[in-house]
Amino acid sequence: MPNIRSGFVFDECLNSAFLAELFDGDTIYAETVFEDFLRDLPVYWQRVDNAFENENLPVLGTCVHTCKTLFGYVGFTDLQELCQQFENNCSVNRMDDLRDDYRLLTERKEKAQRVIEKEYNRLREYNEANG
Amino acid sequence: MKLSCIIVEDIQIAADFLRKFCEKSDLVEVKGHFLNVSDALEYLDREKVDLLFLDIEMPGANGFDLLDRLTYSPMIILTTSKTEYAFNAFQYHVDDYLKKPFTFKRFQESIQKLQLKAAAAQASAVAPPVSAPSTDTDFLFIKAEDKLIKLKKDDILFLESMRDYVKFVTPARNYITYSTLKNMEEKLIGPNFLKVHRSYIVNITKIDDIRGNTIYLLGNQIPIGKGHRDEVAAKLNIL
């Protein structure tokens, strides 16, 4: 595996110190992971939406748990924490108590998706320029 | 010495990272990746590996269900993003716990620890008897309390796995040796010893009675693991 000391700087809203350690300068692998994130998140989040609509709290918690892991791998460690709280609340609260949190989580998810789309394109350009 | 492993993980990104780290470390060979417990168990019924990277929350059965059904004892590294499972991990005597997402450095620390454990377990294997066994009972020597202690097999009630150690329980006292239950299993092959749970081997001649899925020996209660029930029933002629 290449171990390129990279000059690429991740967006400030990501945990760039963690990403630097996770990818160890391998921007090509980072591009792959970001691409996989953009492919997988909509599929997993659809399950979150379905569980919410069906008011199935245990399944909702499990689906958010899965998305939480994805956010972590692209450096959204704060969003990962938010998902953890929501996941915990799914096992103790009622659906009505979760509606505002769900809305907030969905907004944050959409923002995260836009950031990662941008980062993915930046990584692609960076890797093409330094290939 | 490379460890063989399988990855049981339903999130592809997480599994890919693990595979990549295994290749990078050059200490672990990935034999397979499974998205659920059922497929993993089917593989483990046919093939043995040294190590399992095991997620907990997966579709269908969870990681602990897999551990209940295992019929042998590979090393286990739980990979999860929930810290609430730490207590369960302790109960199942797993070898390490990696909170996702983890870095290569954290992964490497875990694998190196397991490698040392595997090497130490081999080195501290039960020594062969220094004299010929008596005509009535066999015995073995275990390293404990800075000496080799002679134990008559017939005195042993059961053995219990305690992470990096094995506890021998006799009516008189207990002995703790630095080894693995798997190692002891290989040394105690014979008609009287039976593995009834991932963490227990019992001397079947010492069983008082069995109630439900619990074996009673001289006041001790030993659970029968789900993956061992059929074998226990067959061996003990339970009708």
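The axes of helix 1 and helix 5 of chain B come within 10 Å and cross at roughly 65 degrees; such axes are lines fitted to C-alpha atoms, for helices over the stretch in contact, and the angles run from 0 to 180 degrees between N-to-C directions. Helices here (H or I, at least four residues) and strands (E, at least two) are DSSP runs, numbered from the N terminus. This is a predicted model, in which local features need pLDDT of at least 70 and side-chain atom pairs count only at pLDDT 80 or more, while totals for chains, interfaces and linings use all residues. Residues are numbered from 1 along each chain as its sequence is written, and chains are lettered from A and ligands numbered from 1 in the order in which they are written.

Helix 1 of chain B passes helix 5 of chain B in a right-handed crossing. A crossing is right-handed if the near helix is turned clockwise from the far one by less than a right angle, and left-handed if anticlockwise. From helix 1 of chain B, Phe21(B), Lys24(B) and Ser25(B) meet Phe104(B), Phe107(B), Gln108(B) and Ile111(B) of helix 5 of chain B; two residues are in contact if their C-beta atoms, placed from the backbone, lie within 7 Å. The residues of this contact comprise four nonpolar, two polar and one charged. In this division Ala, Val, Leu, Ile, Met, Phe, Trp, Tyr, Cys and Pro count as nonpolar, Asp, Glu, Lys and Arg as charged, and the others, Gly among them, as polar.

In total, 14 residues of chain B are in contact with 16 residues of chain A. Helix 1 (12-25) and helix 5 (104-123) of chain B each supply at least two residues of the side of chain B that touches chain A. Helix 1 of chain B gives the most to that side, with six residues. By type, the residues of this side are five nonpolar, three polar and six charged.

Of its 131 residues, 34% count as buried, a residue being buried if 20 or more other C-beta atoms lie within 10 Å of its own, exposed if 12 or fewer, and partly exposed in between, with C-beta atoms placed from the backbone. Helix 2 of chain A (residues 27-53) has 27 residues, which at 1.5 Å a residue should span 39 Å, and its end C-alpha atoms are 38 Å apart, which agrees; the expected span is 1.5 Å times one less than the number of residues. Helix 2 of chain A bends by about 30 degrees at Asp40(A), and Pro42(A) follows within four residues. The bend at a residue is the angle between axes fitted to the seven residues ending there and the seven starting there.

Buried residues of helix 2 of chain A include Phe34(A), Phe37(A), Leu41(A) and Trp45(A). Their cover includes helix 1 (16-23), helix 3 (57-73) and helix 5 (95-130) of chain A together with helix 1 of chain B. Just after helix 2 of chain A, Glu55(A) takes a positive phi of about 55 degrees.

Chain B, by its own count, has seven helices and 15 strands. Glu29(B) lies in strand 2 (residues 28-34) of chain B and is partly exposed, because 14 other C-beta atoms lie within 10 Å. Glu29(B) and Lys2(B) are 27 residues apart in sequence and 6.5 Å apart in space, C-alpha to C-alpha.
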